[in-house]
Amino acid sequence: MGFPHPPHPRETQVLSRWFGDAEARTYAGWIKRGGYAALEQALGMTREQVIEEVKTSGLRGRGGAGFPAGVKWSFMPRQKTKAHYLCCNADESEPGTFKDREIMRWTPHQLLEGCAIAAYAIQAEQVFLYIRGEFTEPLRIMQAALDEAYARGVLGANAMGKGVRIDITIHRGAGAYICGEETALMNSIEGKRGNPRIRPPFPAAVGVFGCPTTINNVETLSSVPHIIARGGAWYKGLSLSSPKSTGTKLFSICGTVARPGNYEVTMGFPLKELLLDLAGGMRPGRTLKAVIPGGSSVPILTAEEAMDTLLDYEGCVAKGTMLGSGGMIVLDDSVDMVYQVMRLARFYAHESCAQCTQCREGTAWTVKILQRILGGEGRPADLDVLLDLSEQMTGRTICVLSDSCAAPVVSAIRKFRPEFERYLGHGKAAARA
Amino acid sequence: MSDLVKLTIEGHEVEAPAGTSILEAAKLVGILIPHYCYHPALPVAGSCRMCLVEVEKSPKPQPACATPITPGMVVRVASDVARAARRAVLEFLLINHPLDCPICDQAGECELQDYTHEEGRAAGRYADYPKRYNPVEDFGPDVLYVPNRCILCTRCVRFMENVAQEPTLNVSERGDRARIGVFPGAALDHPWAGNVVDLCPVGSLLSKDFLNKARVWDLDKTASVCGGCTQGCNITLETRDNAVVRVKPRPNMAVNRWFICDEGRLGYAWLNRADRIEAPLVREGGRLVPVEWEVALARAAELVGAGDGPAVGLVSPGASCEALEAAARVLAARGEGSAGAFRVRQGPERPLAGVPDLALRAERAPNVAGALAAGFGRDWDAAVARARAAGLVLVLDESLAGLAEPVTDGALLYIGTVLPETARGAVVILPCTNVAEEEGSFVNLRGLRQRYAQARTPPGMARPAAWILDAILAALPARAARAGGRA
């Protein structure tokens, strides 16, 4: 549900069912709500059965890339020759995304349960819960839940009394967006600078401390207990569209809408209805201009495109964008697209890890051009230069931060070119008029 | 890894062991894929993105340094996509670069300059924005960091971390504010730290010693072997107007890979000494008089041929094998009982941790093995004691430092580059060349005999010691007689 708003009847509450209910944060409260039954059940299954169930569910990574979770788990070596690790990516830093924060704030045990099940499935005895540095409240709540879980024997050398060792350690980030990238996250856990690593080798072969590692997002892992408890087939049935996009998805809606917040709907839900119905539509007197559907890194949709977009992995791709993290930024007609794009680019320029040339220099250059345009000093060639830079910043680097900077720039210029041209023609004052 | 993989690079069929990178495989057919962060001595960073190549069936250009070859792979280095990617990287690298080539030591051997000339844009599109500026930093004894020229390839960081295994440098800050930093409390004072200057593909890390000394295109380069210790690192002596102004490592995978230590790098000043003996000198009436070589050689042969008891040789392990062998022949010609010895300056051993069997060795002379092979012993003190009463003492480029004067009551035949006080009582003084002024060879501590070439012209009448000693041998009366008899 879109806490602090009451649940909307069209939501399908799986993950968010207990949002706003402080009692669910405690061990006792979680048990009362059926918690840890799925973990107990999973520990009674074989590891292969757990992986198979998750494969059946069709659960895909909720961090943005959308890789099938069960398939990812099956990449881990069957024969364990060294330590296996699970990393839970709770470094939610994508602008416009705040779903993992709510999961951790309200249902910390839901996440711990998911972590424990996944750890069991991939033969990891150690889980690193990598929490974004700025998440002070979620950190406090997660730590309290973790302490309780240990005290109650859920975790530790004899997890749930089943003779399996599952340890979870919270690792707090230090405030770098890039540490949400899975290989940078691993470096950060190792105490190194948070730079993304080159793949191959992939984490399942060489991950944290050189050992096989799986990295899953908070929302992905939190979905796992429900899949185990109610069956992969049930989860797979939760889809309004493509059989490749299953289950529910939390959408964080922010921007110029009447009721910003988190909304949980089944995959394939129409964007239009989510926006106009659940989130209450635009503010009075305003009209929709654009939607960035999957966190700030994805191409922008015009109002027209957004109105017939289906919210699942395929539906977004069909519109030339991505479902991403589900962080939906809604922009109305009061919004200056050029400024918005500059603001996004500035974020990426600030957060570039500085490894790859295109990203280090290109993101900063992009900002300079956009700022000059905003200052009324833009040159006619600037837009072409921006597009050219963006092209060279896409698909050329170790990670996709550079691509993420380019995507909104390119889509904004393509779809809202007149706004840019007004600045170029007459300077800022004229553009506002 | 021993399985061979066949692929096509730029139309050439290539076969290389599985696991080889595209970049290394391309070298096998003579294609150098432009790159900055990659260096065969360092772990792959894959971050400069200069080596992006087009790989058939791959949706995105791939970094040649970090992409292993696969069977049937088709790689294009000069395609439009690859060229455009390189052109873009060059433009990105240059937007914050000061373009101060005219005052940059690296100009002429700068990979940024070279590749820009080759494939870069004629003009940048960044012209109107201010460039990033950071002041020059002093990184350590011989290294200056000019952050404005830095392309963040991190070769220096990786060298210190993985090769020197003394993490000293880091990347500080993020985004376009990033620069190379020194860890708090650390300094770039590792005995092999100077290699970061060579590894730096641009003019960002500079040698203080070479700073503003010469334009590199004015330098003559000569293959040589370092005389600093018994390791025998291969070097290039770089000369300007007959003066050695810089020493650079010359890659040799069997000896020093790509590296030399700072002591070897900076210890070249003696090669340019101005206080050299410039003419043969012979004692006449208590005075040393400059003479023609014929005169001096005849006097020297006279001394050797005098036959008043065994001679003692005091030789330097810094002399060439050829000189040491000739000195041994001269001593042998003197007759039964003649022998020689050498001493070696000692210093602390300074290994380069990441390279097996590479160190600045404790014995600080290049040809200890060569001296031993020529028959000279390490019994220096005994030789010095014998020298006192010997009829003839032959000195080969030994400083005689610390020895009592006179070294001998007999005759002193001194062959050297400079004339120490201790040798001023010599009967004959013959000026020889130093390692930069002659051809010769050294044998390193692993028994490898390595040749070095002549880098500068010798001062005055100085001749290679091997030539001098062979000339003395040829001038010996007995020899001359034997030769005559045969004829």
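Q: Which residues does B:Val75 touch?
A: Leaving out residues up to four places away in sequence, B:Val75 touches B:Leu7, B:Thr8, B:Ile9, B:Glu10, B:Ile22, B:Val53, B:Glu54 and B:Val55. Contact here means heavy atoms within 4.5 Å.

Q: What kind of model is this, and what pLDDT do local features need?
A: It's a predicted model: local features need pLDDT of at least 70, side-chain atom pairs count only at pLDDT 80 or more, and totals for chains, interfaces and linings use all residues. Residues are numbered from 1 along each chain as its sequence is written, chains are lettered from A and ligands numbered from 1 in the order in which they are written, and side-chain values use heavy atoms, with hydrogens and water left out.

Q: OK, how many residues are in the largest nonpolar core?
A: 89, and those with the most contacts inside it are A:Trp365, A:Leu370, B:Ile9, B:Ile22, B:Ile33 and B:Val75. Helix α14 of chain A (residues 337-351) gives the most to this core, with nine residues. There's another core apart from it, of 63 residues, including B:Tyr145 and B:Tyr268.

Q: What counts as a nonpolar core? And as buried?
A: A core is a set of buried Ala, Val, Leu, Ile, Met, Phe, Trp, Tyr and Cys residues joined through side-chain atoms within 4.5 Å. Buried is under 20% relative accessible area, exposed is over 50%, and partly exposed is in between (1.4 Å probe, protein chains only). Helices (H or I, at least four residues) and strands (E, at least two) are DSSP runs numbered from the N terminus.

Q: Switching to sheets: in what order do the five strands of the open sheet in chain B come?
A: The order is β2-β1-β5-β3-β4, with mixed pairing. Two strands pair if DSSP finds at least two bridges between them. In chain B, β2 (12-17) and β4 (62-63) are at the edges with a single partner strand each, so one side of each has no neighbour in the sheet.

Q: How do β1(B) and β2(B) run, parallel or antiparallel?
A: Antiparallel, with six bridges joining β1 (residues 4-9) to β2(B). B:Lys6, for one, has B:Glu15 in β2(B) as its bridge partner.

Q: And what do β12(B) and β13(B) form?
A: A hairpin with two residues between the strands; B:Asp241 in the turn has a positive phi of about 50°. B:Leu237 stands opposite B:Val247 in β13(B). Six of the seven residues of β13(B) (243-249) are buried.

Q: How much area is buried between chain B and chain A?
A: About 2,900 Å², with carbon and sulfur atoms giving 54%. That's the accessible area (1.4 Å probe) two parts lose on being put together, summed over both. On the chain B side, B:Phe92, B:Tyr129 and B:Arg174 lose the most, together 27% of what that side buries.

Q: How many salt bridges cross that interface of chain B and chain A?
A: Five, by the rule used: a side-chain nitrogen of Lys or Arg within 4 Å of a carboxyl oxygen of Asp or Glu. A:Arg379 and B:Asp128 also meet in a salt bridge, at 2.6 Å, N to O.

Q: What does B:Arg449 meet in a salt bridge?
A: B:Glu322, at 3.1 Å, N to O. The two are 127 residues apart, B:Arg449 in strand β24 (residues 449-452) and B:Glu322 in helix α8 (residues 321-334), both of chain B. Shared partners join B:Glu322, B:Glu325, B:Glu439, B:Arg449 and B:Arg451 into one salt-bridge network.
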